[in-house]
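Okay, thanks for coming, everyone. I'll walk you through one structure today, and we'll take it piece by piece.

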Amino acid sequence: MHKPSGPQLAGVLGFFDDPESLMEATAKVRDSNYKHFDCFTPFAIHGLDAAQGLPRSRVPYVTGVFAFTGTALAFLWQYSAHSKWWPHNIGGKPLNSLPAYVPIIFELSILLGGLATFFGMLYFNGLPNLTKRSFDPSITNDRFAILIEPTPESVDDDHPTPPFAPEQAEQFLKTLGAKDVRKVYNEGWFS
Amino acid sequence: MANMEIMKPVDDALVTGARTFAEVNEDVARPLENFPTKRWWVCFITAMLAFFMGACCLLNTFKNGIGMWGLNQPVGWGDDVTTFVFWVGIGHAGTLISAILFLFRQKWRTGINRSAEAMTIFAVMTAGMTIMTHTGRVWLAAFWLFPYPNQRMLWPNFRSPLEWDVFAVTTYFTISTVFWYCGLIPDIASIRDRAKNRFRKIALTIASLGWRGSNKNWLHYESAYLIFAGISTPLVLSVHSVVSFDFAVSQIPGWHTTIFPPYFVAGAIFSGFAMVVTLLVLAREAFGLKHYITMDHLEKMNKIIMTTGMLVGYAYAMEFFIAWYSGSAFERFTFINRAFGPYWWAYWIMVSCNVFIPQLFWVKKFRRSVPVMFVISLYVNIGMYFERFVIIVTSLHRDFLPSSWGTYLPSWTEWGIFTGFCGFFFIFFLLFVRFLPAIAMGEVKGVMDQPTKGSRLGSTPGGVTSGSIGGGAHA
């Protein structure tokens, strides 16, 4: 087993065998004093975000901002190329022929919006994650886990947070029906 | 009988055989973790040989110019552009499955979306290759595709449909690839956690970006996935519309029609679904994925093939009607000439393969018969090649002036190049099924019967979905 003096404690992990039990336990952890926790699941479970008390994702805002940037850039680009940089009379069409610019405006909005969605998602998720190894191979297979994390040191001197007691957290997870409850540590992928 | 089917409260099970979550991983990972079968090698070597043949024919073209092809005045577009439209069209079914069916909450898409999306990407790559090489002098003429100015700030003409096409196809390729990769991340993580070999583990860890399955990650992931579906839907409709503008914006009788964008999109989905059926019938057989790509999946796809086939048939009829109704002598001549002129055989191959043969799918027995659907899907692929051939060649070979009339048939060099591009496509598809999970495990698990409290093996065959709370955004 891991020695406490070694790698940094990531928290206390407990396993569940089915999404239903996980969901019930998660809601109870949310309503407890443990404010820092996360679930680990092999697939996205509908309703777990609410059970965990997570706010809505901000990815759509990133998409919106970049998609409209694409719209504006594509128009300015085409307008400048045909009306400013070297105006050409092509087939007697007006120099600024807006309807003909629409396809490229549309495509560039999608392109920038889509790439921003992907990289925004990676940014919010802290991916690529090269430093923290997965806690257990069964998490990407068929088991569901809750991780109760140590509370960070409080900066508020009037209300000091009590030090994290892993044994208490282990006990709490066991009362929720978790199996294989154990302490886990932050380790690199290849260490 | 029929009454009972209507009364059935829930849909058929999307995954048959009472699989558990762990068995999903087993089944999907099996082909990736074993040495490829003899059948795989036969397919792969055949594809390599086809590609090699195409490469030789392309070399012949590069060396001697496109005089090696059958193109001349007045037919300046032939097999080259036909092949381009053919492959771009094939891509559309993948996006329809991954994006449009996602927005419509069609849970059955989860079994087939990964391989269909892979097909999209490889088909668009193939289309990109055809359009790069169709100029014959790639080192001179492929650069005009890229929007950059000359030294006096003269840019390509952004009002030209050909330039729109560059943007549409590159955007389509980029977004499809990102969407596909996004979906792959959790599944690569599943494969990674099973890996025994050290190098395999390192490679998969990097490819999975270190995904750990945290629900805080799933939150943003699902949000991004929904947005991808949302933006891919108008994108896929725009791509084949823009491809159709290459023709519709010109003034050639037979091309200059307003029906082209929807007609092309319907045809693209039609041909794409046929290719999905062709590929999946083989893949489910070869890799033992029959529990995930079930007969119900195939039947649903066959229904879509029949529907879009009839849409395409409607477009053929409507084109003809409008050509007559327009009162334009040139339009009228073009269409009568299409059906009864020198290229009558191409026209009737097209109509038979695309409109008549898919009618067999009215019969449930044929919809659920693997040999029948495989043969029909091949006919549809052939028919859709001929559709583009008919549109392109028959509209060009009779110019406005009879003195400029001509004919066109692809030369053996062009057929070689076509075969080579088929090989190119299949090389990538075979590598995909060999190295990456062909079933979206993370999504399939969400729509399976969920194990419930107390019962470790809670899944029941026959589709009782009472315990189903999974599905993430698919629910």
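Before I start on who touches whom: two residues count as in contact if their C-beta atoms, placed from the backbone, lie within 7 Å. And keep in mind that this is a predicted model.

With that in hand, take A:Ile146. Leaving out residues up to four places away in sequence, A:Ile146 touches A:Gly14, A:Ala25, A:Thr26, A:Val29, A:Phe37, A:Cys39, A:Leu173 and A:Ala178.

A:Ile146 also shows up in the largest nonpolar core, which has 180 residues. Who has the most contacts inside that core? That would be A:Ala145, A:Ile146, B:Phe273, B:Val276 and B:Phe429. The biggest giver is helix α10 of chain B, residues 260-287, with 17 residues. And because both domain 1 (9-56 + 136-185) and domain 2 (59-125) of chain A give residues to this core, it lies between them.

About those two domains: they come from the domain assignment of chain A, and their C-alpha centres lie 44 Å apart.

Now over to A:Gly114, which sits in helix α4 of chain A, residues 98-125. Is A:Gly114 buried or exposed? It's buried, because 27 other C-beta atoms lie within 10 Å, and the cut-off for buried is 20 or more.

One last distance, then. A:Gly114 and A:Gly53 are 61 residues apart along the chain, and their C-alpha atoms are separated by 28 Å.

Terms used:
Residues are numbered from 1 along each chain as its sequence is written. Chains are lettered from A and ligands numbered from 1 in the order in which they are written. This is a predicted model: local features need pLDDT of at least 70, side-chain atom pairs count only at pLDDT 80 or more; totals for chains, interfaces and linings use all residues. Domain bounds come from an automatic or database domain assignment. Helices (H or I, at least four residues) and strands (E, at least two) are DSSP runs, numbered from the N terminus. A residue is buried if 20 or more other C-beta atoms lie within 10 Å of its own, exposed if 12 or fewer, and partly exposed in between; C-beta atoms are placed from the backbone. A nonpolar core is a set of buried Ala, Val, Leu, Ile, Met, Phe, Trp, Tyr and Cys residues joined through C-beta atoms within 7 Å.
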